[in-house]
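Hi everyone, and thanks for coming.

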Amino acid sequence: MNRRLPGLVLATLLSASGHGMAQVPNVPIPGGRPAIPAPQPASRAPGAAAPVLAGTEAAIDQESRGDFPPMDRTPSLPLGTLQRSWDRPAAASGQAAPGIIHYLWHPDFVMGVRTRDFMVTTLVLPAWERANEFYVGDPVVFETKRVRANVLAVRSRNAGADSNLTVLGASGNVYNFYLRSETWNSTQVTDLTVYLDAPREVDEGLDAAAPPSDPSSSGPGSGMPDYLRRIVFRPEDLRFDMKMFIERDDDAEIAPERVFEDGIFTYFDYGERADSAPRPVIHQLVDGVDTVVNTRTAGSRGTIVIAEAVGDFTLRNGTRVVCVRRVAPAKNDDTAGPRPVARHANGRENRE
């Protein structure tokens, strides 16, 4: 009886099960000892890739006949990066309103601007100014573009960095900005629009240099820019019968020291608090509705905010509110006499 080696039995079992070795005929060798088959690399199961190949072949056959599957046009998933600081925005330090800041330019003053991911910050120079050139310290982080003659747009590409921006105006003014970029989830509202006000020293020279016969130098409808027109100031027209009202103690932070008007403009004087007091947005009360009015600053340190309107006003900064109302003059007991005289913006006198 022929005896088989244990290795031959193991090889035969592995070969029969299809694992580890290929099936090789058992050829005897001289001496009656059977040949041990040489080990072969494991081969892939015959039907392992059949579903994949079958699916690919079916897709090729289907598309060759022009039968393509429908395109998935379902909406993409939300990014989950909503900026929660804008759910109920509150004005940050130095802002007149959420995202709005006003600066009075001075040669020795660097204006800070806080930018934010995925938002554009707009720098608005005075209307008479023109930005000839501008230079950014780090153009990789801060992208700057001039969109109008006096308007620049700044966008941060990376958060957590800072740099500077220098704007050279056609008037000769040099506007210096310090730029800082913050993340999209910053808790404070950053600056969206930055308004600059600057005195135009050449106004007097331009007005004096215009010849009297020049039709563009005087007269209504002559096309003269508004900033060149003179407004006659008469001290006798000043009125100090404006009073302020608040509901909470915190509202007093945005209240000026005094308010007065000259029949054309209304002046909000912040005095020594001009550098520290938050600047509000000034609304004029028109038919019971608050309407934003044009404002500008005056004084060596921007101590006075000038509203181009007269009447009743509402000052707002975040949740702080100050009401400014004209106080009716006290009436005497003699009701038969003439009522007090009020001077209006058009200079005419009218009986109340």
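Let's begin with a pair of residues facing each other: S163 has L179, in strand 10, as its bridge partner. Before I go on, a word on where this comes from. This is a predicted model, where local features need pLDDT of at least 70 and side-chain atom pairs count only at pLDDT 80 or more, while totals for chains, interfaces and linings use all residues. Residues are numbered from 1 along each chain as its sequence is written, and side-chain values use heavy atoms, with hydrogens and water left out.

Now, back to those strands. Strands here are DSSP runs of E with at least two residues, helices are runs of H or I with at least four residues, and both are numbered from the N terminus. Two strands pair if DSSP finds at least two bridges between them. Strand 9 and strand 10 (residues 174-182) pair in the antiparallel sense over 7 bridges. Their hairpin has 4 residues between the strands, and there G172 takes a positive phi near 100°. Strand 9 (residues 162-169) also pairs with strand 6 (residues 131-136), again in the antiparallel sense, over 5 bridges. In that pairing, Y135 stands opposite T166 of strand 9.

How many helices and strands does the protein chain have? There are 3 helices and 22 strands. The chain has 352 residues, and 31% of them count as buried. Buried means under 20% relative accessible area, exposed means over 50%, and partly exposed is in between, with a 1.4 Å probe and protein chains only. For contacts, the rule is heavy atoms within 4.5 Å. Among contacts between residues at least 6 apart in sequence, 59% join residues at least 24 apart.

Most residues other than glycine have a negative phi, and most peptide bonds are trans. F118, however, has a positive phi near 65°. F118 lies in the loop between strand 4 (110-116) and strand 5 (120-124), and at 64% relative accessibility it counts as exposed. D287 is not a glycine either, yet its phi is positive, about 55°. D287 is found in the loop between strand 15 (281-286) and strand 16 (289-292), and with 79% relative accessibility D287 counts as exposed.

On to the aromatic rings. Rings of Phe, Tyr and Trp (its six-membered ring) pair if their centres lie within 6.5 Å; planes under 30 degrees apart count as stacked, over 60 as edge-to-face, and the rest as tilted. By this rule there are 5 aromatic pairs. Take Y103 and F109: their ring centres are 5.7 Å apart and their planes are at 65°, so the pair is edge-to-face. Y103 counts as buried at 16% relative accessibility, whereas F109, at 35%, counts as partly exposed.

Why is the pair of F268 and F313 edge-to-face? Their planes are at 90°, with the ring centres 5.5 Å apart. F268 lies in strand 14 (residues 266-269) and F313 in strand 19 (residues 313-317), so the pair ties together parts that are 45 residues apart in sequence. F268 counts as buried, at 0% relative accessibility, and F313 counts as buried at 0% too. Ring pairs also link F240, F260 and Y267 into a cluster.

Is Q95 buried or exposed? Q95 counts as buried, at 1% relative accessibility, and its place is in the loop between helix 2 (50-64) and strand 3 (100-104). Not counting residues up to four places away in sequence, Q95 touches several residues, among them I100, R114 and N317.

My last stop is D290, in strand 16. At 25% relative accessibility, D290 counts as partly exposed.
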